[in-house]
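Morning, everyone. I have one structure to show and a few minutes to walk through it.

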Amino acid sequence: MKHFEANFDGLVGPTHNYAGLSFGNVASQSNAAQISNPKDAAKQGLKKAKALADMGLVQGVLAPQERPDLHTLRRVGFSGSDADVLSQAAKASPVLLQACASASSMWTANAATVSPSADSADGKLHFTPANLVDKLHRSIEPATTGNILKAIFSDERYFAHHQHLPEHPHFGDEGAANHTRLCHDYGQAGVEVFVYGRSVADLSRPAPVKYPARQTLEASQAVARLHQLSDDRTVYIQQNPDVIDQGVFHNDVIAVGNQNVLFYHEQAFLETQAKLAEIDKKMRGNMHFIEVPTAKVGVQDAVKSYLFNTQIVTLKDGSMAIIAPTDCQENAAVHAYLNELVTLNTPIKAVHYFDVKQSMQNGGGPACLRLRVAMNDTELAAVNPQVMMNDALFARLNQWVDKHYRDRLSTQDLADPQLLIESRTALDELTQIMNLGSVYQFQR
């Protein structure tokens with residue numbers, strides 16, 4: 001049986017815009033009110049996904065959410081026709097309309113936490129959608145995320161789906177952006193590393209003061225229980241609150257792992273050495289801990305370039321490569337470090353750069369755009385084949401984007417009833433292309 005890690009990239013939705021909704025995300029806030037290009041954004045994402053498939057990696061695509069979300073707007077008291085609801089919301093609460101029109105579901109690293117069958121006690125692949133309660137515009141995603149995941153991973157013999165955690169800050173959960181699975185081989189039991197920003201129960205633990213800690217220890221522990229993970233296969237690490245206050249809103253902005261490699265910034269964690277020793281013990285050695293010193297790359301350079309919001313992938317020859325945004329090339333300190341890294345005695349031997357600037361300007365790099373799913377070939381055969389990237393799907397989705405997406409969108413355009421019609425028309429067609437069934441509210 002073959003084992004591998006698949007990446008499922010989020011398709012950028014038709015309402016991709018720069019509303020600056022994510023407090024604590026420097027790029028999101030600094031680009032607020034800029035004009036976006038949804039068509040370019042979607043094509044940049046598709047190009048990256050296709051390039052990884054062409055490298056021989058298993059690559060899939062996740063559908064975007066229905067936006068604007070009229071269901072939520074009606075829940076909070078706006079009424080009448082769809083056009084009336086949009087008009088009322090735009091006048092009474094533009095920020096609420098922006099939240100309900102966000103295309104943030106493209107960052108599928110926040111879609112869910114995934115544990116492979118090699119790690120779980122019942123031998124199934126487990127999915128728990130993230131509740132994303134810290135941000136309104138993301139908190140309305142998990143139900144539809146669950147529908148989409150169930151439409152793709154539908155075979156109950158292999159896949160177990162859980163409801164998202166209770167919608168309360170006690171269980172603040174941001175999904176795979178704060179979770180890294182380490183292993184020596186994708187098919188062997190690994191160690192799942194959960195990184196949290198604060199503990200609800202232990203108020204003696206340090207916490208950030210400027211920006212919120214979005215992930216709680218209690219949420220991470222709950223997901224581990226749901227996924228039937230044993231204590232000897234889990235490690236809980238607290239993120240350094242000082243870097244959260246410098247704009248590191250998720251762990252995947254300051255650390256990334258793959259197989260037996262953990263690539264992280266010197267300031268990423270609290271109690272770093274003790275936690276690395278715990279990982280090494282539970283992994284039974286042969287780990288590569290690659291620490292980037294502040295003297296070579298400062299936290300601000302790491303955040304601006306998204307050095308750690310990169311993907312580390314294992315290629316067919318067994319070597320590893322980093323999938324980085326072109327912003328890393330444009331930052332002198334980061335580019336110099338990456339040029340040095342590939343010469344060192346680690347499994348990482350190459351860096352491939354991709355232009356994902358439409359996503360980067362909204363605060364999401366290559367790692368944000370993908371959900372990782374380690375699986376075997378039997379499980380892959382049970383996945384909905386219509387979502388797997390190949391030449392035909394790449395061409396079809398590019399045609400779909402050309403047909404339905406605008407090349408210019410401002411926050412003022414979000415109240416346009418025609419945008420809602422365009423978005424729903426596009427998504428209805430997409431569910432047929434990807435054989436998803438009726439996963440959206442407007443289809444039911």
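Start at cysteine 328. Cysteine 328 is buried, at 0% relative accessible area. Buried here means under 20% relative accessible area, exposed means over 50%, and partly exposed lies in between, with a 1.4 Å probe and protein chains only.

Before going on, a word on the source. This is a predicted model, where local features need pLDDT of at least 70, side-chain atom pairs count only at pLDDT 80 or more, and totals for chains, interfaces and linings use all residues. Residues are numbered from 1 along each chain as its sequence is written, and side-chain values use heavy atoms, with hydrogens and water left out.

Back to the cysteines. Which cysteine sulfur is closest to that of cysteine 328? The one in cysteine 368, at 13 Å, and that is too far for a bond. A disulfide is a pair of cysteine sulfur atoms within 2.5 Å. Searching the whole structure gives zero disulfides. Cysteine 183 is buried too, with 1% relative accessibility.

Next, glycine 175. It sits in the loop between β5 (159-161) and β6 (179-182). Strands are DSSP runs of E, at least two residues; helices are runs of H or I, at least four; both are numbered from the N terminus. Is glycine 175 buried or exposed? Buried, with a relative accessible area of 2%. What does glycine 175 touch, beyond its neighbours within four places in sequence? Ala109, Ala112, Thr113, Ala130 and Gln215. Contact means heavy atoms within 4.5 Å. Leucine 132 is 43 residues from glycine 175 in sequence, yet their C-alpha atoms are 8.0 Å apart.

Now a helix. α7 covers residues 142-152, and eight of its 11 residues are buried. Those are Pro142, Thr144, Thr145, Gly146, Ile148, Leu149, Ala151 and Ile152. As a reminder, an α-helix has 3.6 residues a turn, so residues three or four places apart point the same way.

Finally, the whole chain. The protein chain has 17 helices and 15 strands. Its radius of gyration is 20 Å, close to the 22 Å from the globule rule for 444 residues, so the chain is as compact as a globular protein of that length. The radius is taken over C-alpha atoms, and the rule is 2.2 Å times the number of residues to the power 0.38. The C-alpha trace spans about 60 × 45 × 40 Å along its principal axes. Of the 444 residues, 62% are buried. Take contacts between residues at least 6 apart in sequence: 77% join residues at least 24 apart.
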